Amino acid sequence: NVNMSNIFYGMNELKELTVGERFRFNDGHALPGVYWYDTKTNETHRSDNMPNNKATTYSPCTTGYQYYLTTGDEFNQLIPEETISIIFTDITAPQDEELIDVSVTKDESVVGWLDDTTYYVSTQKEGQKIIAEENSSYMLSNKSSITSVDLINLDTSKVVDMSDFFQYCDNLSELQFGDFNTSNVKDMSSMFYCCENIEGLN
C-alpha cells in the first residue's frame, strides 16, 4: 500500500477530486476543509472519514453549513497573538475592518476581527448564533494570554468532541456560557486542564 499521508496538504483551492475503486484515503484529514459530498450520490462525508475503495467524484460542501465555525484546532490557529478576550457575537464588523474567515466552508458566514486586544467572532446576522463544529477540541488550547471568553452566542448543541477545549489557559479568569448545550458531547477530557484562575462562570 502506498502511504497517502498529507498528499492533499495545502491544496485549499481543490474543487473536485475523482478517485478510482482502489483509492484509499489515509487516516486523519486527507482532504482540505471539513465536509465533502459525493457528486454521484449526494452523500456528505467528513474529510477525516472518507470512504475507501469507491470510484466516484467528490466536491467540497459550500452550502448546508452556513454559520458553522471551523474545527477547534483550526480556529485555534486563527486567533491573533494579541488576543486577551474573545467574544462570540452576532454584531456587524466595523467598516474597513480586516476580517478573518473562520467558517467551516470558507464562505465568510462566520468571521473574526481584532479590536485592540478583543477578538470578536460573529455571524454578522442579528439573532443568528455561531454553530460550533462537531470536532471542537483544542479550540482555545494553550492560549495563555486570554483572560476572558464570552460563549453566549456559540451554539454547542452539535459538538461531539470538546476535549482540551481550554487546556493551559492558565490566565483565564472569566467565562460566560449562557445556554451551553453539551447533550451530544462524548469527550470532555482535559477540557479545563491547568485552568487554575477561573473565578466566575456565568
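1. Which residue stands opposite Tyr58 of β4? The model, which is predicted, places Asp38 opposite Tyr58. Asp38 lies in strand β2, and β2 and β4 are joined by 3 bridges and run antiparallel.

2. That pairing belongs to an open sheet of 4 strands, whose order is β1-β4-β2-β3 and whose pairing is antiparallel. The edges are formed by β1 (17-19) and β3 (44-46), each of which pairs on one side only. Averaged over the sheet and with direction ignored, neighbouring strands are turned by 30° against each other.

3. Strand β4 (residues 56-60) deserves a separate remark, since 5 of its 5 residues are buried, so the strand is largely enclosed by the rest of the structure. The side chains are divided between two directions: Thr56, Tyr58 and Pro60 point one way from β4, whereas Thr57 and Ser59 point the other way, and all of them are buried.

4. Asp38 returns when the charged side chains are examined. A search of the whole structure finds 6 salt bridges, and one of them is formed by the side chains of Lys54 and Asp38, with an N to O distance of 2.9 Å. Lys54 sits in the loop between β3 and β4 while Asp38 sits in strand β2, so this pair ties together parts that are 16 residues apart in sequence.

5. What is Arg46 linked to through salt bridges? Arg46 belongs to a network of salt bridges together with Asp48, Glu133 and Glu134. Because Arg46 lies in strand β3 and Glu133 lies in the loop between β9 (130-131) and β10 (148-150), the latter pair ties together parts that are 87 residues apart in sequence.

6. Asp48, by contrast, is partly exposed, with a relative accessible area of 29%.

7. For the chain as a whole, the secondary structure comes to 1 helix and 13 strands, and from the N terminus on the elements run β-β-β-β-α-β-β-β-β-β-β-β-β-β. The radius of gyration is 18 Å, close to the 17 Å that the globule rule gives for 202 residues, so the chain is as compact as a globular protein of that length. Along its principal axes, the C-alpha trace spans about 55 × 40 × 30 Å.

8. Burial and contacts complete this overall description. Of the 202 residues of the chain, 45% count as buried, and the accessible surface comes to about 10900 Å², of which 41% belongs to carbon and sulfur atoms. Among contacts between residues at least 6 apart in sequence, 67% join residues at least 24 apart.

9. A last point concerns Tyr168, which is placed in the loop between β11 (154-155) and β12 (174-176) and is partly exposed, with a relative accessible area of 35%. Which residues does Tyr168 touch, if those up to four places away in sequence are not counted? Tyr168 touches Asn142, Lys143, Ser144, Tyr193 and Cys194 on that basis. Thr105, for its part, is 63 residues from Tyr168 in sequence, and the two are 28 Å apart in space, C-alpha to C-alpha.

Note on methods. Residues are numbered from 1 along each chain as its sequence is written. This is a predicted model: local features need pLDDT of at least 70, side-chain atom pairs count only at pLDDT 80 or more; totals for chains, interfaces and linings use all residues. Side-chain values use heavy atoms; hydrogens and water are left out. Two strands pair if DSSP finds at least two bridges between them. Axes are lines fitted to C-alpha atoms, for helices over the stretch in contact, and angles run from 0 to 180 degrees between N-to-C directions. The radius of gyration is taken over C-alpha atoms; the globule rule is 2.2 Å times the number of residues to the power 0.38. Buried means under 20% relative accessible area, exposed over 50%, partly exposed in between (1.4 Å probe, protein chains only). Contact means heavy atoms within 4.5 Å. Accessible areas come from the Shrake-Rupley method with a 1.4 Å probe; for residues, only the protein chains shown count as cover. A salt bridge is a side-chain nitrogen of Lys or Arg within 4 Å of a carboxyl oxygen of Asp or Glu.
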